[in-house]
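Dear colleague,

Please find below the structure that I am handing over to you. My notes on it follow directly after.

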Amino acid sequence: TVGSTKMLELTSTKISGSATTTGSFGEAHISDRIGIGTTSPTAPLHIFQDNANTAIAPTPGILIEQDGTGDAVLQFLLTGTKRWIAGIDNSDSDKFKIVHGVSDLNDSNGTFTIDTNNNVNIGGNTAFGFTPALGIEGTQPAQILFKDADDFLHTSVGDGFAYLMFDHESQLQIGSATNSGGTSFSRDLVIDGATGNVGIGTTSP
């Protein structure tokens with residue numbers, strides 16, 4: 001006991017509910033904090049390391065292992081409000097996923113997916129046929145780069161239009177900008193989706 005705090009310190013000791021296996025505690029309750037590698041934990045679970053471990057054995061950090069047909073996951077929950085899940089989807093080609101508002105990594109509304117070919121998909125789970133590839137799926141997917149709180153590069157696909165760099169019409173516009181925020185955007189190539197006309201050096205082909 002340290003002051004009013006009760007502490008259980010284990011050094012070079014293994015604990016198991018079985019004489020032959022580990023991990024068979026059943027249930028346990030600790031009312032305050034657990035320190036691994038430290039006697040002064042500052043969070044509900046505090047892991048401290050001071051070594052040169054970088055490989056899988058011995059393993060640095062935290063290891064979540066799944067030996068069955070389930071997923072290896074880490075969950076974050078705001079009680080009664082929102083759940084986020086991150087982990088390996090064992091039933092979908094071992095893809096790493098981050099999802100929210102669902103009960104299973106394999107639910108259809110995936111938010112972020114990386115497959116074992118290093119392809120990344122945001123908003124979906126489609127295999128695009130390119131490796132590696134970055135895909136963005138949704139009702140109006142967009143790729144936006146911001147500079148000084150303004151769109152500097154904006155590519156988007158919506159209902160009836162696709163655009164690159166500052167266009168809200170049914171046109172594909174390619175050009176360049178020289179000043180902050182891209183407000184001096186020069187439209188060098190314009191393809192009008194309504195007429196099929198192509199303009200070079202004009203915005204009204």
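A residue is called buried when its relative accessible area is under 20%, exposed when that area is over 50%, and partly exposed in between, using a 1.4 Å probe and protein chains only. Asp89 has 0% relative accessibility and therefore counts as buried.

The model is predicted, so local features need a pLDDT of at least 70 and side-chain atom pairs count only at pLDDT 80 or more, while totals for chains, interfaces and linings use all residues. Residues are numbered from 1 along each chain as its sequence is written, and side-chain values use heavy atoms, with hydrogens and water left out.

The protein has 14 strands and zero helices; these are DSSP runs numbered from the N terminus, with strands (E) of at least two residues and helices (H or I) of at least four. Of its 205 residues, 19% are buried.

Asp89 belongs to strand β4, which covers residues 82-89. Its side chain forms a polar contact of 2.9 Å with that of Ser91. Such a contact is a pair of N or O atoms within 3.5 Å; within protein, one must be able to donate a hydrogen and the other to accept it, and residues adjacent in sequence count only if both atoms are side-chain atoms. Leaving aside residues up to four places away in sequence, Asp89 touches Asp71, Asp94, Lys95, Lys97, Leu105 and Asn106, where contact means heavy atoms within 4.5 Å.

Strand β4 has a partner on each side, and two strands pair if DSSP finds at least two bridges between them. With β3 (residues 72-78), β4 runs antiparallel over seven bridges, and Leu77 stands opposite Arg83. Three residues lie between β3 and β4 in their hairpin, and Gly80 in the turn has a positive phi of about 70°.

With β5 (residues 95-100), β4 pairs in the antiparallel sense through six bridges; here Ile85 faces Val99. This hairpin has five residues between its strands, and Ser93 in the turn shows a positive phi of about 60°.

At the β8 end, β7 (residues 120-122) and β8 run parallel and are joined by three bridges, with Asn121 and Gly135 as bridge partners.

Yours sincerely
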